[in-house]
Amino acid sequence: MGDFIKTQNSFADGEVAPEFYARDNIKGLSKLENMYVLAGGGLARRPGLESVAELDSNARLIAFSVSETENYILALTDGHILVFSDGQSIKDLIAPWDFEDLSKLQYAQRFGTIIFVHPDYPPYVLKKSGGDFDLSIFNFERNDSDMTVNIPFMKFDDAEDIKITVTSNSSGSNFATFKTNKAYWVPEDEEGRFLLLGKQWTIAEYISSTEVKAYVNGTYTVPDKPVSDWREAAFSERRGWPCSITFHQDRLVFGGSRSWPSGVWLSKVGKHNNFDVGTGLDDEAIFITLLSQQRQQICTVVSSDNLQILTSAGEWAISSKPLTPSVVDIKQHTSVGSVATRYLPPQKIEGATVFISGSKKDIRELSLDQLGENYNATDLCTLAKHLMQDPVDLSYNDETRQLFVVMGSGNIAVLNQNSALGISAWGTYKTQGGFKSVATVQGETFVVVKRGENYYLEKFSEGALKDAGQYGFSFCASALPLRASGHNANKIRVRKISARVLNTKTLFINNARADLPNEVFEENSTGYSGDVSINLFGIQRNCIEAPWTIKSSEQLPAKVLSVSMYGYYIV
């Protein structure tokens, strides 16, 4: 038996999984709900939610920052893009995507433009020009001389043995009939582009699986034998469209497509609609295929210190500076893999790229080593994998240093990350109903919340004590099992628990209300700062349970800087 006084003045590790309860070096909790870790290591009740708008249906949120003074939230619903500014819906744009498509929709922003890509749809461009918004199909640059399109061309695997016999037909001098040596053509080839006889052709009409009609802008000479040296557009209705997108070194980058999942296409420098590889000059377009022993499906591409390519099997990087057709230094650095079934946008945190692993159980931090040569993929949720339950969306608020990860359950796992102060703390946010999507713009975090059968756009606000002005929520923080003198306690008797609080108006310790001065409940009071305590009697024999819990369901502010226990234990 031994007396103990144990003070926990840092909760920097947040909620940890039960398998770590016997560790002495963890500054964590067995439960952290609707609270977050302060910069100094203490705990605070989370902000409430402020209502923005009611939505007609579920939505996916995307931040759109045009300038420091022009910031918007886009709510993508079934066939619409709703544009919100300062809590008001200012534009409703008709969009081509069904709600089921939105999980694979990726995007890249540059100034007042966002380009959206999806493997089953041509890219679309959203522009903010003047006081209006416009959504249109992305057009590859045309050459004025012959109206050919600067789209990338390639030879697909299923076309390697296909030979095309070209014959003239009665439709005109710039029309031809293409016949193949075996079944190849499909109805989706209509309006598709092909490159053969040194010219760019467009399929005008599908006749059969071995025959189509095509036309070219100009004249041509009928070849005397079947043509085997031909290519088709990398992107089309038949082959699919880019899966991922970013801007890097003033090039537009497309990563993967439905029919070529390991391809990377980079535009000309400064000409983001031109993907003509030309003669390989430094500023011309680039095409790369990832080569490895494993099948590599590109999940997303990220512009950071290098061009990062996250695939279903690992993490690649192109480190060339500048990046030119003749200098492409590409290699695979790690083998974690990313989620391929939906787009979970990687976030930039403290200079690193944070992404969700393909197993959906890890949050990985991709960062260069001290020499700046190789990437490591550190696991940020090593202590809290029990909180990773089917992530469906994520966003990072760099002002509050919080990563919000929306789970399929409707909860949000929240990471407070501050490496300089040694804080890497996970917790859970809950609300009445469930969270569906999250996005952050200019330090404000917005969420889609489903309450009953209705959907709402809301945002976290320090001034809100309730959610949406009417829904209360409780908060809770529970200690780890007691460890004393390096041992697990077998039996403990806690005589007193004391909490040091800051600007607090409500607190319960082990179900007993903390005694706060009456004046703190006055409207102009900031709350009580000091020590509050409760005296306890009785013996705790199930010592794997939390020896103390602080909580409250009252809609009042609370901050806890430290918790102390006084009593004796038996090992």
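## Terms and model

A pocket is an open set of points on a 1 Å grid over the protein atoms alone, where a 1.4 Å probe fits, with protein on both sides within 12 Å along at least five of seven lines; its lining residues have an atom within 4 Å of a point. Grid points are joined across faces, edges and corners, and a volume is the space filled by probe spheres set on the points.

This model is predicted: local features need pLDDT of at least 70, side-chain atom pairs count only at pLDDT 80 or more, and totals for chains, interfaces and linings use all residues. Residues are numbered from 1 along each chain as its sequence is written, and side-chain values use heavy atoms, with hydrogens and water left out.

## The second largest pocket

The second largest pocket holds about 480 Å³ of space. Its lining has 20 residues, with F140, I151, E191, R193 and W241 closest to the centre.

## The largest pocket

The largest pocket holds about 1100 Å³. Its lining counts 36 residues; Y107, Q109, P346, Q347 and K348 lie nearest the centre.

## A four-stranded sheet

β8 also belongs to an open antiparallel sheet, in the order β8-β9-β10-β11. Two strands pair if DSSP finds at least two bridges between them. β8 and β11 (88-94) are the edge strands, each pairing on one side only.

Inside the sheet, β9 (residues 71-77) and β10 (residues 80-85) pair antiparallel over five bridges. T77 stands opposite H80 in β10.

Definitions and conventions. Helices (H or I, at least four residues) and strands (E, at least two) are DSSP runs, numbered from the N terminus.
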